[in-house]
Amino acid sequence: MNLSSVESLAYSLPELILVFATVGILMLDLLITRKRILGELALCACGGAALASALLAGAEQGYLFNQMVALDGFAIFFKLFLSLSAFAAVYMSLGSRELDNEHPGEYYTLLLAAATGTFYMASATNLLMAYLALEFVSLTSYVLTGFIRASRRGSEAALKYLIYGGVASGAMVYGMSLIFGLAGSLDYATIGERLLVPSEANGPILFIAVLLVLAGFGYKISMVPFHMWSPDVYQGAPLPVTAYLSVGSKAAGFAMMIRFFYVALSHAGAGGVWATIEGLEWPNLIVLGSIITMTLGNLAALRQDNVKRLLAYSSIAHAGYILMGFVVLSDAGLRAMLFYIATYYLMNLGAFTVLMMVLNNSDREDMEAFRGLAWRGGALPAAAMAVFMFSLAGVPPFAGFIGKFYLFAAVIDKEMWMLAIVAALNSVVSLYYYARIVRTMYLDQPLKSDPVMTTDWHSGAFAGVLAVGTIVFGVYWRPLIDLADKSLVFFRG
Amino acid sequence: MWGLVVASLLPFVGAALLPFLSKSRGDNCGWIASGFIVASFAAVAISTPAVLHQPGAIAFEWVPSLGLQFSIAADGLSLAFAFLITGVGSIVFTFAAAYLGPEENRRRFFCYLLIFAGAMLGVVFAANLISMFVFWELTSVSSFLLIGFWHERDASRGGALKALVITAGGGLAMLVGFILIGSIVGSYEIADIMAAREQIAAHRWATAAAMLIMLGAITKSAQFPFHSWLPSAMEAPTPVSAYLHAATMVKAGLYLVARMGPVLSLIPIWTPTLTVLGIVTMTWGSFLALRQTDLKALLAFSTISQLGLIMAMFAQNTASAATAGVFHMLNHGLFKGALFLMVGVIEHEAHTRDLTKLASLRSNMPRLFAVLVLASLSMAGIPPMGGFISKELFLEEVLQMPWPLTVIAVLGACLTVGYCLVLAIGLGLTHQDEAERKHAHDAPTALLWGPAVLVFGALLLGLVPTFLAGGLIESAAAAAIGGHVPHPHLTMFHLSPTLIVSVAAISAGAAVFRFGWMRRTPDAPKLVADRVYEAWLTGLEHNAQRLTASYMSGLLWRYVTIIVCVGIISMSALAVFVGFDASAPWGARPAQTFEYVVALIPIAAAIGAVVAPTRLAAILALGASGFSLALLFSLVGAPDLALTQIMVETVSVALFLSAFVHLPAYRKLKPRKFQPLYAAVSIAFGVGVTALLHHARGQRVGGTIADYFVENSVEKAGGHNIVNVILVDFRGLDTLGEISVLGIAALTCYALIKLRPERKRP
């Protein structure tokens, strides 16, 4: 189906919920004095969007808004995932002491607006639409990063983010214009068709154009060499925003990248194997990117004492791991990516939640704030954090291991030895610094001066739910892999 | 079979229930935990006859889409290990229950210990490589927590981390090997893999898979050159060390080699490499053991040495060698468990475990000393202990090896006798201090009966081996070679060349002890492997930090430079490898002089913006560049574009100017000077983009959009001025968007002007 703008609204319930909530919160902000309601409203909106996304699963697949966005299994998977990410970000914001006394109306408005943008990033099938969605998410993220006005670090981070983002998206839109010039269309499926037949267009210019577009994607998913903004921004931004950037916005970047590269620049063959279009060996480029990304990310995290910054570097490294599934050009690889992104949600958000609890308690986010955490009242957060750390390192029986297993299996199946070896070595290096946190929490003795850890029940419950999820999906991951399998549907007209 | 399912589940159930069952101070949790492990032992024992008769398997559906089952299989090999895990486990648990005082957090300790035991049982009963790997890594994680249990000691924390990094890292390599095997066979079930062994051996991935799996096994079993984690792990509480060395963790590597032996020994690299590594480890470990003064360190190195021996046996994949391996594995579990527990007692009573400081045990702790001597004799391979028989079997194998290996192995046997005599005789003969004598007292029975039972087991293995474990050993050895094994003739009394070698080794060992052991260095030198590990680690950390600091400068302009450089590099790489097409015409019509002049203005303005001394001048220069571009657009026939450009430029200059009022004063921190690097980067980028654009001309596949507008302008929109029609009709929505953007920008300007910092009134 190919619906017009008005007809499409019937299939845009998740986005509509978010948009109405965005505007509603902005209005309500002027009327009410109990500002906490705004956050709760935003929470409901995200929950509603998740529900509405899930309900779309049975709907007919097709194009919406005059072929600007697609409604397919892939889009629905990410809509569900992205609304859950926004949900987590709002939930964390409600429990964060950092954001007390800031302007909740504007904050939640921006957060929900960013979430709406990510929905379109995941479903855009047109370069223009993709660019607009990406830019929309970026603009809101810049403001969210510097949202705490008294924080100098936050302001610096926001400005860096803005300028860096400007450069990256400038390069991206330039590359898009080259692709438009070469293929004569902005629509992914059409581009794919026109470039499929080998012609003069499939030459170095196309390669450069793709490289330029990659700058935009790479910046969103923090892939080397477009990753340099992320440590500063992750460290400077309020913690719930950091968590959202590292999970939601990154996942949207991956979704957009997968759709562009697989629908416009590849074609599906038999047996779940894909092939690139003639004369454009983009996987080689991204193999290099994946290797360098995971290595640089892990090496940088090795000696990091600020846990927030450590998680930023670890998030770069994980982008490198996820890219392993991207380069193998097979359904198995894509499935591994979706699965990994979903497990990454659990473990990374979990780590950020525990970090927030520690930050709320001690106003510190460095390694010393975790010293002997388990022995001064923080048994639950410490246990949860240990689960998240081991899972991030890819140790069984946690979900992160299963995710890595699928990625490795996909890569080995394609006989990409170099990538597999580098990834395995990287996992060892990452184990070292993740285990260092566990060691600090469990094996180091707290000092007298370390405050007793007090936990509020809602953050504790959230961390607990994520930890249980990490364990359950590490042992019984069948529902998740089945979901990822079903979601590998790209509508291409 | 179901008995074994129960046996593997019991420790996990125990760990989950322990916090609820135990009293608030955890007084009784040691006994509760012991109850669970003893029950598990009983379940293993009850299931044994049936399983030995008919090996079995049970499978539960796990992840069908991946062909994964959660399956449990048992044969003699699994049972032999399970006996050690639960049997030695029962002793260790009950010992620990009496050994740990109320000052320790016993609930946590026994929780970890139960998980550890359960994970080990999981490894040996797993019928599937993936579930085996899961339990394998679980042993690494739980041992990490156990080794670090006495966390006030610095060394124990370092040891825990080292053990985790080395074993889990090796585990990852093993996982890659498993995935390779799984990809070849199309299944991760061990039974399927056994059936497809020829196919695996013939595959071109075979060698890689074998090496990777070997890496997993030798890191876990602390084989040379990865042995350094085991001595560091001795910082753990003594019962943990006993359990770790005798029955669990390090034995997992042996299990893997034995289990996968039938498949992997078909790959040529497997047997020679593992044999050499095992023999070298054996001799090197016993040499290092002889140089220790710390009792626990001595035992740790002796474990490394003994594991090397067993590893070399399992690597042969012959009936006799496998028999020797299984038999010695059982033996080692018994005497090593006893020895470690006794060292715990000595430390408990004498408050030191330094060989040079300990007073004579013979007079101070006679009962303990008697047990200690028996255990040491078994380790040395002296009759009537079980160790004698296993050493005979070992020597028999070794004598058939190439002579350099034989020499090294026999040397290892001599050194082994040497350090065993240090334990058996050295501890009995040390100087006697009257003052110490008053303090010391013999070990309490509560702590002594555990080691005594283990040593009695080792003695029985020597006296009636066939009766006690003949069936088990036969079945285990058969599983380890994947074929039939003749009923083993295990006997103490025989005459053969090995006996001569054996006697010679014992005498040489005695000589080593007599003349060598006093030369032990008081502070054992750091292990080479340890130094390598530490140098590697600090080097990695140091270089990682330097690397990160070199590019993560926090300076935005450097980041942007890096991105631009990546662009330049990729463009030049393309230019070199593919080549740009320079033959295309440069334009539809030659440019006129006037146009050249206009084109120079933005260039000059851009240079001006770079060198401008003040912020205001830079903004104005930037604006000039933009406005002159608009002029150029209108000259080449794009009036709409020119108009848009003028609008955007006006607003952005206004925004710039009004926003910069709020910024702090423009300060020059250091004099600006010409930087050739950045000039070169800028010029290269400009040249690259120009070349790119030139090349891009005429490479399009689709038609230009202009034709569409020319054709449809009159017909669909009824207008003859095509530019107008495009603006108000075809792209009406775009125009609306542009107007709103400009409107918002204007509003922002207004807000910024309103926000101007208030001047202080005089």
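I take contact to mean heavy atoms within 4.5 Å, and I keep in mind throughout that this is a predicted model.

I began with A:Phe78 and listed its contacts, leaving out residues up to four places away in sequence; the list holds A:Ala122, A:Ala251, A:Ala255, A:Leu338 and A:Ile341. I then looked up the largest nonpolar core, which has 425 residues, and found that A:Phe78, A:Phe261 and B:Phe110 are the ones that touch the most other members. Helix H14 of chain A, residues 331-362, gives the most to this core, with 21 residues. From chain B, the core draws at least three residues from each of two domains, namely domain 1 (314-511) and domain 2 (556-665 + 682-699 + 731-754).

**Entry 2, where the chains meet**

Next I turned to the contact between the two chains, which takes 67 residues from chain A and 67 residues from chain B. The area buried between chain A and chain B comes to about 6300 Å², and carbon and sulfur atoms give 77% of that area. I asked myself how many salt bridges the rule finds across the interface of chain A and chain B. The count is two, and I noted one of them, in which A:Arg303 pairs with B:Glu541 with the closest N and O atoms 3.5 Å apart. Helix H17 of chain A (residues 417-442) supplies the largest share of the side of chain A that touches chain B, namely 12 residues. The rule also finds two residue pairs in polar contact across this interface, both at pLDDT 80 or more.

The side chains of A:Arg309 and A:Asp232 meet at 3.2 Å, N to O. A:Arg309 sits in helix H13 (residues 307-326) and A:Asp232 in helix H10 (residues 229-236), so this pair ties together parts of chain A that are 77 residues apart in sequence. Because buried means under 20% relative accessible area, I count A:Arg309 as buried at 13%, and A:Asp232 as buried at 14%. Both residues belong to a network of salt bridges that also links A:Glu156 and A:Lys160.

I then looked at A:Arg371 and A:Asp450, whose side chains meet in a salt bridge at 3.0 Å, N to O. This pair links distant parts of the chain, 79 residues apart, with A:Arg371 in the loop between H14 and helix H15 (379-393) and A:Asp450 in the loop between H17 and helix H18 (457-475). Both A:Arg371 and A:Asp450 are buried.

For A:Arg364 and A:Glu368, which also form a salt bridge, the closest N and O atoms are 3.0 Å apart. Here A:Arg364 is partly exposed, with a relative accessible area of 33%, and A:Glu368 is likewise partly exposed, at 41%.

Chain B contains 32 helices and two strands, and 54% of its 762 residues count as buried. Among its contacts between residues at least 6 apart in sequence, 79% join residues at least 24 apart.

Is B:Thr48 buried or exposed? At 9% relative accessibility, B:Thr48 counts as buried. A polar atom of its side chain lies 2.6 Å from the backbone oxygen of B:Val44. Setting aside neighbours within four places in sequence, I found B:Thr48 in contact with B:Leu79 and B:Phe83.

Technical notes. Residues are numbered from 1 along each chain as its sequence is written. Chains are lettered from A and ligands numbered from 1 in the order in which they are written. This is a predicted model: local features need pLDDT of at least 70, side-chain atom pairs count only at pLDDT 80 or more; totals for chains, interfaces and linings use all residues. Side-chain values use heavy atoms; hydrogens and water are left out. A nonpolar core is a set of buried Ala, Val, Leu, Ile, Met, Phe, Trp, Tyr and Cys residues joined through side-chain atoms within 4.5 Å. Buried means under 20% relative accessible area, exposed over 50%, partly exposed in between (1.4 Å probe, protein chains only). Helices (H or I, at least four residues) and strands (E, at least two) are DSSP runs, numbered from the N terminus. Domain bounds come from an automatic or database domain assignment. Buried area is the accessible area (1.4 Å probe) that two parts lose on being put together, summed over both. A salt bridge is a side-chain nitrogen of Lys or Arg within 4 Å of a carboxyl oxygen of Asp or Glu. A polar contact is a pair of N or O atoms within 3.5 Å; within protein, one must be able to donate a hydrogen and the other to accept it, and residues adjacent in sequence count only if both atoms are side-chain atoms.
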